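Subject: The structure, with some notes

Hi,

Here is the structure I said I would pass on. Please have a look at it, and then read on for what I found.

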Amino acid sequence: MSNPKQFDCGIASIGLKFPSLGLSVDELARVRGIDPDKFTIGLGCETIALCARGETVVDLGVDAARRALERWDGDLSDIGMIAVGTETAQDMSRPLSAFIAEQLGLDGAVRSYEVKHACYGGTLALRQGLEWKQSGAAGDKAALVIAADVALYGEQDGGEPTQGAGAVAFIIDKPLLASVDVRSFAWSKPAFDFWRPVGESYPRVEGKFSLDCYNDATQFCFEQLAETRGGIDAVIAEYEAFCFHVPFPKMVRKGVNRLGEAYAWSKEESSDFFDTYVDPTMDWNRMVGNCYTASLWIAVTNQLAAHKEGSRIAAFSYGSGYGAELLSLTVEAGAKHPAWLADVESDFAARKMISGEDYLELRSEGKPKLVTAPEPAVANL
Ligand code: CAA
């Protein structure tokens, strides 16, 4: 097929941030009295990223944004939009973008908002940044897009070994690091697979059903892409890497298995596809666990640093509820010097690996505290 149309704008800068604590799932299994193979082999998990006391989703988002801003040739006065995808909302009204913009000192002629659609929210924020810039509404301003989450489940919940935390920030301006295709392939179906009622601290999950929803969305998004390319073989030939939302690595393997069933791949073909194009994308995800909105973009930023200019990367986003979208990116020349690798290296080097007992103590303090308004809130008026 002829080259797909791309946005004139794209990803100009990237920053990542991971929190200061880590816990191996072996340690979690030990203190929970569960066979560690269930977490490592059964779910494919390795390490959970955790916030220390007082460390919040706002801190993660601010640090990722600062890193993206530092390595960009514009400054805060060039930002005309801040959109934050998250499912770690701190308030029912005040968007997470306001908490982050306040710390950054970003105000004035700026569109500022939070995007919610479970783990899909970061992707929607990114698409909106691109579409806003492309539409001309942005003028000469750039968008700051952040995907940030602290993913915690209730203690001893089946999701506990899949927890994680992290943030990815993008500046949407010139396509220095990556271009994005205008055409993407969305699929949604209202479902209660994973949700968090207002006022509850932890999600409710219909575990097995959530796997089915994810697998269905994978198949239906890939089928749309394949139709435009004349078949799945042409899709595989076009892309160097296929990144997925990573609730836990084995979920991604199941998604690939579903594609294998849909396209009648042999077991070996399915494994080859996974090992070659998918497994390497999850190197950082395995170190941090599920970071909800940031999860897919952690895999994508890993791959932007791993492939040469012109390489094509597919990005499958999934958010419970459910909504999904399959995007295509092209690696641009600036990614030859992937400055954001330093974020990952420094955060992983600096983080403290805690024992299972330390984790239990951390959890014993109760639900994560919300970032609240200063008292009295009217003092700001
Ligand atoms: N050695 C090796 N493997 C073992 C084992 C052992 N000792 N014990 C169990 N296993 C295997 C099981 O066979 C199973 O593998 P298969 O699925 O391939 O059969 C796997 O380990 C998990 O075991 P269970 O199914 O018994 O685990 P569980 O029911 O306790 O929890 C889960 C699994 C429901 C997925 C749970 O982790 C969960 O609720 N996670 C959160 C929901 C989630 O991530 N859903 C994914 C789609 S929704 C989404 O994508 C949004 C999002 O980010 C959350």
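Let me begin with Tyr 322, which is buried because its relative accessible area is 4% (buried means under 20%, exposed over 50%, and partly exposed in between, with a 1.4 Å probe and protein chains only). Before going further, note that this is a predicted model, in which local features need pLDDT of at least 70 and side-chain atom pairs count only at pLDDT 80 or more, while totals for chains, interfaces and linings use all residues. Residues are numbered from 1 along each chain as its sequence is written, and side-chain values use heavy atoms, with hydrogens and water left out.

Tyr 322 sits in the loop between strand E13 (312-319) and strand E14 (323-331); helices (H or I, at least four residues) and strands (E, at least two) are DSSP runs, numbered from the N terminus. Not counting residues up to four places away in sequence, Tyr 322 touches His 117, Trp 187, Ser 188, Lys 189, Pro 190, Ala 191, Asp 193, Cys 213, Asp 216 and Ala 217, where contact means heavy atoms within 4.5 Å. Glu 131 is 191 residues from Tyr 322 along the chain, and their C-alpha atoms are separated by 22 Å.

Next, helix H11 (residues 295-304): 10 of its 10 residues are buried, so the helix is largely enclosed by the rest of the structure. Among the buried residues of H11 are Trp 297, Asn 302 and Gln 303.

Now for the charges. Side chains of opposite charge can pair when their charged atoms come close. A search of the whole structure finds 23 salt bridges, each being a side-chain nitrogen of Lys or Arg within 4 Å of a carboxyl oxygen of Asp or Glu.

- Arg 67 and Asp 343 form a salt bridge, with their closest N and O atoms 3.7 Å apart. The pair links distant parts of the chain, since Arg 67 is in helix H3 (residues 57-70) and Asp 343 in helix H12 (residues 341-350), 276 residues apart. Both Arg 67 and Asp 343 are buried.
- Arg 127 and Glu 325 meet through their side chains in a salt bridge (3.7 Å, N to O). This pair also links distant parts of the chain, with Arg 127 in helix H5 and Glu 325 in strand E14, 198 residues apart. Arg 127 counts as buried because its relative accessibility is 6%, and Glu 325 is buried with a relative accessible area of 7%.
- Asp 181 and Arg 229 form a salt bridge whose closest N and O atoms are 4.0 Å apart. Asp 181 is buried at a relative accessible area of 2%, and Arg 229 is buried at 13%.

Salt bridges that share partners also join Lys 17, Asp 63, Arg 67, Arg 71, Asp 343 and Asp 347 into one network.

Which buried residue has no salt bridge, with Arg 312 as its nearest side chain of opposite charge? That is Glu 332, and Arg 312 is 8.1 Å away from it. Glu 332 is in the loop between E14 and H12. Leaving aside neighbours within four places in sequence, the contacts of Glu 332 are Gln 6, Pro 175, Leu 176, Leu 177, Ala 178, Ser 179 and Glu 309.

Lys 133 is worth a look as well: this residue of helix H5 (residues 121-135) counts as buried because its relative accessibility is 16%. Beyond its neighbours within four places in sequence, Lys 133 has contacts that include Cys 9, Asp 140, Ile 172 and Asp 173.

Finally, the surface. Patches are made of residues with over 30% relative accessible area and no salt bridge, with like charges joined within 9 Å and nonpolar side chains (Val, Leu, Ile, Met, Phe, Trp, Tyr) within 5 Å. Asp 233, Glu 268, Glu 269, Asp 272 and Asp 275 form a negative patch, to which helix H9 (residues 267-278) gives the most, with 4 residues. Asp 275 is in helix H9 and counts as partly exposed because its relative accessibility is 47%. A positive patch is made up of Lys 38, Lys 208, Lys 250 and Lys 254. Lys 250 belongs to helix H8 (residues 249-262) and is partly exposed, with a relative accessible area of 30%.

Best wishes

Note on methods
Accessible areas come from the Shrake-Rupley method with a 1.4 Å probe; for residues, only the protein chains shown count as cover. Lys and Arg count as positive and Asp and Glu as negative; His and the chain ends are not counted. The place of a charge is taken as NZ of Lys, CZ of Arg, CG of Asp or CD of Glu.
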